[in-house]
Every structure is written in C-alpha cells, then in structure tokens.
Amino acid sequence: MAGVGPISQDWEPVVIRKKAPTAAAKKDEKFVNAARRSGAEIETLKKSNAGTNKAASSSTSLNTRKLDEDSESLSHDRVPTELKKAIMQARMDKKFTQAQLAQMINEKPQIIQEYESGKAIPNQQILTKLERTLGVKLRGKK
C-alpha cells in the first residue's frame, strides 16, 4: 500500500433514527398516551356509523323489494321422463347394471341412478358418453 497516503479514521457521529409511526400506530393506545404526557395536541373524532352495520344495510331495501316482487321460479331442469326411460331401457337391453354402465363411462354409479330416477340435472357430456356406450340416440329427434 505504498503511496496511498496516511490512513485516517472518520470520527463523525452516525445518527440512527426509528421510522416515523404509521397511521395505524398513531391510533395505538400507547402512542396516544405518550402524546398526552408530552402535551401534544390530540384530535378525537366520533364516526357516525361506528359500531353499526348501517353502511352495509342501507341499500338492501331496494334489493329486498326486487326479490319479493320476483315471482320467477328458480329451479334447474331435471331429466325428462322420456330420457330416463330411454336410458333405463337401453341399459336393460345391453344387460348392464347401473354400476357396470357407470364404470364404462367413467362416472360414479350414483350418477346413473340419478339419471334413471329423474333427479339429475342433464349434462351434455354425460349424455354423450351414455349415447356412445349404449348405442342409442338420447337427445334430439329420434
């Protein structure tokens, strides 16, 4: 290290400060009490809807009235009688059980049971699998 010059140390003080408190920390009880002790000015506001659920329920009267006036029946279409009879007849002709047919189309036996009892909501993919496996047209014109 020849020719660099005399080595000296920097003795200036370094000040490390904490970050200023965030808005949430300013509302903290410890911060408020410390401000009171130091004589700082504290502003207290009362919110008008504090502790109530008025903001959420103020516009529900319009929605409630619309729902009450709505007379539309909101239920899913179920499997028609002709379709469930056609599935059952085609399955019986091929001599499959519900479990065997379900296994062939990679569905649960409960699905076949629901289709044959008329409780299922028709699914086009399942109907396509049934048509292909049973060799019968179940949808559209016969």
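Me: Is Asn106 buried or exposed?
Reply: In this predicted model, Asn106 is exposed, with a relative accessible area of 66%.

Me: Where does Asn106 lie?
Reply: Asn106 belongs to the loop between helix 6 and helix 7.

Me: What about the phi of Asn106?
Reply: The phi of Asn106 is positive, about 60°, although the residue is not a glycine. Most residues other than glycine have a negative phi.

Me: How many residues and how many Å separate Asn106 and Ile126?
Reply: Asn106 and Ile126 are 20 residues apart in sequence, and their C-alpha atoms are 9.5 Å apart in space.

Me: Turning to Lys95, what is its phi?
Reply: Lys95 is not a glycine, yet it has a positive phi of about 60°.

Me: And where does Lys95 lie?
Reply: Lys95 is in the loop between helix 5 and helix 6, the latter spanning 98-104.

Me: Why does Lys95 count as exposed?
Reply: Lys95 counts as exposed because its relative accessibility is 73%, and the cut-off for exposed is over 50%.

Me: Next, the overall fold. How many helices and strands does the protein have?
Reply: The protein has 8 helices and 0 strands. Read along the sequence, the pattern is α-α-α-α-α-α-α-α.

Me: What percentage of the residues is buried?
Reply: Of the 142 residues in the protein, 16% are buried.

Me: And what share of the contacts comes from residues 24 or more positions apart?
Reply: Such residues account for 50% of the contacts in the protein with a separation of 6 or more.

Me: On to helix packing. At what angle do the axes of helix 5 and helix 7 cross?
Reply: Two packed helices are described by the angle between their axes and the distance between the axes. The axes of helix 5 (residues 81-93) and helix 7 (residues 109-117) cross at roughly 125° and come within 7 Å. Helix 5 is therefore oblique to helix 7.

Me: Which residues meet there?
Reply: From helix 5, Lys84, Ile87, Met88 and Arg91 meet Tyr115, Glu116 and Ser117 of helix 7. By class, the residues of this contact between helix 5 and helix 7 divide into 3 nonpolar, 1 polar and 3 charged.

Me: Let us follow up on Met88. How accessible is Met88?
Reply: Met88, which is placed in helix 5, is partly exposed, with a relative accessible area of 31%.

Me: What separates the C-alpha atoms of Met88 and Tyr115?
Reply: The C-alpha atoms of Met88 and Tyr115 are separated by 9.0 Å, and the two residues are 27 residues apart along the chain.

Me: Finally, pockets. What volume does the largest pocket have?
Reply: The volume of the largest pocket is about 370 Å³.

Me: Which residues line the largest pocket?
Reply: The lining of the largest pocket is formed by Lys26, Lys27, Phe31, Val32, Ala35, Glu41, Ile42, Glu43, Thr44, Leu45 and Lys47.

Me: How does that lining of the largest pocket divide by class?
Reply: The lining of the largest pocket has 5 nonpolar, 1 polar and 5 charged residues.

Me: And where does the largest share of the lining come from?
Reply: Helix 2 (residues 29-38) gives the largest share of the lining of the largest pocket, with 3 residues.

Definitions and conventions:
Residues numbered from 1 in each chain as written. Predicted model: local features only at pLDDT ≥ 70, side-chain atom pairs only at ≥ 80, totals over all residues. Heavy atoms only, no water. 1 Å grid on protein atoms, 1.4 Å probe; cavity = no way out; pocket = protein on both sides within 12 Å on 5 of 7 lines; lining within 4 Å. Points joined across faces, edges and corners; volume = space filled by probe spheres on them. Helix = DSSP H or I, 4+ residues; strand = E, 2+ residues; numbered from the N terminus. Nonpolar A, V, L, I, M, F, W, Y, C, P; charged D, E, K, R; others polar. Axes fitted to C-alpha atoms, helices over the stretch in contact; angles between N-to-C directions. Parallel < 35°, antiparallel > 145°, perpendicular 65-115°, else oblique. Contact = heavy atoms within 4.5 Å. Buried < 20%, exposed > 50% of the residue type's maximum accessible area, 1.4 Å probe, protein only.
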